[in-house]
Protein chains: 2
Amino acid sequence: VVHNQEQKRSRGRPQVRSDEDTRSIVIEAANLKFHDMGYAATCISQIAQDAGISTKTLYRLFPAKADLFESVVDNRIERFTLEADIGLAADKGMRERFESVLEAYGRLTLHPDTIAINRLVVAEADRFPEIATAFYKRAILGTARVIETLIRTHVGSGAIAVADIPAAAGMLRGMMAMEPQRAAMLGQREPPTVEEIGQRARMCTDIFLSGCLVR
Amino acid sequence: VVHNQEQKRSRGRPQVRSDEDTRSIVIEAANLKFHDMGYAATCISQIAQDAGISTKTLYRLFPAKADLFESVVDNRIERFTLEADIGLAADKGMRERFESVLEAYGRLTLHPDTIAINRLVVAEADRFPEIATAFYKRAILGTARVIETLIRTHVGSGAIAVADIPAAAGMLRGMMAMEPQRAAMLGQREPPTVEEIGQRARMCTDIFLSGCLVR
């Protein structure tokens, strides 16, 4: 629904919506369309129609389909970034910080929507390298930075030591996500529950922190 | 080439080849075809033609396209299993065993052919669940068993302790493979060199063994 019908009738013209609100509606419509149709078969004008706006307005906000895809990805990792910021809060201890950031990372990467986006990107990377690049830069490098910051902070305080911070961050993320994500991507296992993600985050924290602890 | 031409001429009929040899030739032809065409577009009769055998013979050896795919996957993990057996040899210490098994696992999972098979399976898992299941059972559970055995042996000797052996094995594999495999699958980075794989195996061994060591 685009216009508030009552206001439209009483004022004779539709209420003006902010570009930011319109963007949110378009991103949600694009998300559903990409999930249903894949990237190749999704058509910009269908998204405009689903969002109840003109194709012209959509192109003003998102010049290309790849921009829309990028925004869908950004939208998914936004919640992770917020949760991770809370997890990194100054009043927490090292163990608690690792657990909560890994839990947030697990809730992001093992969510059915993320798994669907992942599958779409891998399937279409050959034909549409721009979505593979967008996903890599936004989702993978974006979450990598957060985990690197977490490790760097505690290497800086002298509590843990690692040979190579970016490599260690990649290893920690692989510990948390690879197995359950792959099993779900291949349709062999349901994605883990929130409780299972919490358990896994604690076990990864145990092994990783004991493994890097300065004794 | 199917027949030895000279023998054919001199004896008047083709030399008989063992089924095992024929299977190897067919598996190699299928491997190339799957890489070039994907799973859906690959046609059994084309593989038979490339292998220089009749479709009838091919169907006798491989009743369905999924059987052929399974054999391509088995063929790829065979070398890993051999290398891992060497890595698990009784005369080696714990650290050396972990390093060599992880190195073999890295050479398998970060090889361009494995990355191509992975991409194919993820891309076609929806339409062809049978290849996702075959890949999961053969490649993923197959290599999981080897890493589990490695961990179980040293938990049994009392050198290391983990809360859950299969989960720990999955975490160790994720440490080794996820980041470089994903970057290569998305076309963002070249697969690591053999030297880089060796370095990564050593760093994973360091963190994992210190993380699980009984002190």
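Which residue of chain B forms a salt bridge with A:Arg119? The partner is B:Asp126, and the closest N and O atoms of the pair are 3.7 Å apart. A salt bridge here is a side-chain nitrogen of Lys or Arg within 4 Å of a carboxyl oxygen of Asp or Glu. Between chain B and chain A the count is 4 salt bridges.

Before going on, note that this is a predicted model, in which local features need pLDDT of at least 70 and side-chain atom pairs count only at pLDDT 80 or more, while totals for chains, interfaces and linings use all residues. Residues are numbered from 1 along each chain as its sequence is written, chains are lettered from A in the order in which they are written, and side-chain values use heavy atoms, with hydrogens and water left out.

Now let us look at the whole interface. Contact (heavy atoms within 4.5 Å) involves 42 residues from chain A and 42 residues from chain B. Together the chains bury about 3500 Å², with 69% of it on carbon and sulfur atoms; buried area is the accessible area (1.4 Å probe) that two parts lose on being put together, summed over both.

Finally, turn to a pair of helices inside chain A. Helices are DSSP runs (H or I, at least four residues), numbered from the N terminus. The axes of α6 (residues 94-109) and α9 (residues 165-185) of chain A come within 10 Å and cross at roughly 35°. Axes are lines fitted to C-alpha atoms, for helices over the stretch in contact, and angles run from 0 to 180 degrees between N-to-C directions. Among the residues making this contact are A:Phe98 and A:Leu102 of α6(A) and A:Leu172 and A:Met176 of α9(A).

Methods
Helices (H or I, at least four residues) and strands (E, at least two) are DSSP runs, numbered from the N terminus.
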